[in-house]
Amino acid sequence: MNTRTDTDFTPIDQDLYAKAFQLLDPGPTPEPTATEASAASVPSPRPAAPPVRRTGPVERTLTDALAFLDTHGWARFTLVHPEGARCSIGALRAAAGARNAAYCDAGNLLLDEARRQHGKKWETIPSWNDSHTGAQVRSVWDAAIRRARRMSI
């Protein structure tokens, strides 16, 4: 079947379309050259986000124990005072919840820092705690926390 369709459409002026597009977009963006296109595909470096620092279990135990002392009070010559204050070892036990690895490592770090600041003669945390003022004990706690943070433990 041969069918021929006669249309009486007006021929299209191609320049008319070009003029219309120029009116719609008077400043067309030129196509990028190959060099520009490859440079544009390389992502620009973003500023790096600061690294996320995770608190280690020893630092957390020491920090929680010191917060416990700040909240409930510091005591000498007793593990737990009737009013709730604790000595250094009592605060460590409260913060750790159990005699776990973090508790042992935090205690060793605290005793090592006590020896650094107050001499090598201290054999235990309770003997050191009971022989010093609150300010001296606080200084050792702060230094031990800083060391744990530096060591990322």
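Begin by selecting Ser88, which is found in helix α4; helices (DSSP runs of H or I, at least four residues) and strands (E, at least two) are numbered from the N terminus. What you have open is a predicted model, in which local features need pLDDT of at least 70 and side-chain atom pairs count only at pLDDT 80 or more, while totals for chains, interfaces and linings use all residues. Residues are numbered from 1 along each chain as its sequence is written, and side-chain values use heavy atoms, with hydrogens and water left out.

Stop 1: Is Ser88 buried or exposed? Ser88 is buried, with a relative accessible area of 0%, where buried means under 20% relative accessible area, exposed over 50%, and partly exposed in between, with a 1.4 Å probe and protein chains only. Leaving aside neighbours within four places in sequence, Ser88 is in contact (heavy atoms within 4.5 Å) with Trp74, Leu110, Ile125, Trp128, Asn129, Val137 and Trp141.

**Stop 2: the rest of α4.** Show the whole helix, in which Ser88, Ile89, Gly90, Ala91, Leu92 and Ala96 are buried. The cover over these buried residues of α4 includes α3, α5, α6 and α7. Select Leu92 next: not counting residues up to four places away in sequence, Leu92 touches Thr61, Leu62, Ala65, Tyr103, Ala106, Gly107, Leu110, Ile125 and Trp141. After α4 comes Gly97, whose phi is positive, near 80 degrees.

**Stop 3: the core.** A nonpolar core is a set of buried Ala, Val, Leu, Ile, Met, Phe, Trp, Tyr and Cys residues joined through side-chain atoms within 4.5 Å. The largest one here has 26 residues, and those with the most contacts inside it are Leu62, Leu92, Leu110, Ile125, Trp128 and Trp141. Colour the elements that give two or more residues to this core, namely α3 (57–72), α4 (88–96), α5 (101–118), α6 (125–130) and α7 (134–151).

**Stop 4: along α7.** Helix α7 has 18 residues and reaches 26 Å from its first C-alpha to its last, close to the 26 Å expected at 1.5 Å a residue, the expected span being 1.5 Å times one less than the number of residues. Its buried residues are Val137, Val140, Trp141, Ala143, Ala144, Ile145, Arg147 and Ala148, and they pack against α3, α4, α5 and α6.

**Stop 5: two positive phi values.** Most residues other than glycine have a negative phi. Phe77, in the loop between α3 and α4, has a positive phi of about 65 degrees although it is not a glycine, and Phe77 is exposed, with a relative accessible area of 63%. Move on to Ser152, in the segment after α7, where phi is near 55 degrees, a positive value in a residue other than glycine; Ser152 is exposed, with a relative accessible area of 58%.

**Last stop: the whole chain.** Zoom out to the protein chain, whose secondary structure comes to seven helices and zero strands. Buried residues make up 27% of its 153 residues, and, among contacts with a separation of 6 or more, 56% are between residues 24 or more positions apart.
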